[in-house]
Amino acid sequence: MKRRILLVSDMHFTTNFSEAELKKTHPEAIASAASGNAFGLTQEQKMEKMLSDILREHEKVPLDQIFVLGDLSIDDADFRKLPENYCLKFRDEYMARFPAPVYVIPGNHDSYSNEKWQNIFGTPRQFTLELEGLTAIFLDTFAQTPAQSASGSPYTGIDEDYLEQALKNAKDGPFILCAHMFREGCVSPRAQSLLQDKRIICLFRGHTHHNETLSCAGKPMIDIGGYAYEGMKTETGYTFNIFSPRWAWGYEMMEYEDGHFTVSHMQTDMHYIAENGVFDLPFEAVENRKFIYQEGK
């Protein structure tokens, strides 16, 4: 039976207020420079757009699971001290309406301790999920919390002890590895050796906001895109409101059956109102990849 998993990342849900506006009522708060409207949408409208995309995908053919790979928020807990917890708001106002079981890991901007994270989402910051015909290993590569800056938690790399144990404990492959970030050029010799396990078919990551297929230790590594932005320097400073097609909003769809995997990046239809113009993109699959898992190979 064919199984369908939707992967999404980098919503960067946060306040609609700027730092100056927020400080009038909450002097300790430090809003992100990316707070407020996102290409003509409020923060809530952006999240509703993401939700409507997921529901549309589910209506085509029902989803079996949804994986959320971090940066749900720009909370940078406890650095920003915002008056609301946007991870909680994501859970209660949006994730509660997702049409399939959801599994969530944090990004660098979701800098809650493991205990707080588990209290919010019910799973640790990293865990292993055994599904029918597939095992997903979710790795925490931003484990140093709480945040000490606007960049959130620093990149800590793959927890090699956890990955080694997960590969030993789980059933036979295939495996996929999911993290908010894998840094392809900074893989230790031990991690590289672990990634050579032939049961691992590919890696999924968020963080970059791009859609492309790269390589990590010789394994396909798929950037799943997101619902965010790319900061750019301009003559007057730094902006998060310049549009580039390389990070157009969207999500990843993985379908698998009998060891055959198809991974497609779905670009959403969106009317972007940006500093560099107005852009209209259609809903379409912009890249398809196929993997075949052969047991024992």
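The structure is a predicted model, in which local features need pLDDT of at least 70 and side-chain atom pairs count only at pLDDT 80 or more, while totals for chains, interfaces and linings use all residues. Residues are numbered from 1 along each chain as its sequence is written, and side-chain values use heavy atoms, with hydrogens and water left out.

The secondary structure of the chain comes to six helices and 16 strands, where helices (H or I, at least four residues) and strands (E, at least two) are DSSP runs numbered from the N terminus. The radius of gyration, taken over C-alpha atoms, is 19 Å, close to the 19 Å given for 297 residues by the globule rule (2.2 Å times the number of residues to the power 0.38), so the chain is as compact as a globular protein of that length. Along its principal axes, the C-alpha trace spans about 60 × 40 × 35 Å.

An open sheet of six strands, with mixed pairing, has the order β4-β5-β6-β7-β9-β8; two strands are said to pair if DSSP finds at least two bridges between them. In general, strands of a sheet pair through backbone hydrogen bonds, either parallel or antiparallel. The edge strands of this sheet are β4 (127–131) and β8 (211–216), each of which pairs on one side only. Strand β8 is joined by six bridges to β9 (residues 219–224), and these two strands run antiparallel, with Cys-216 standing opposite Lys-219 in β9.
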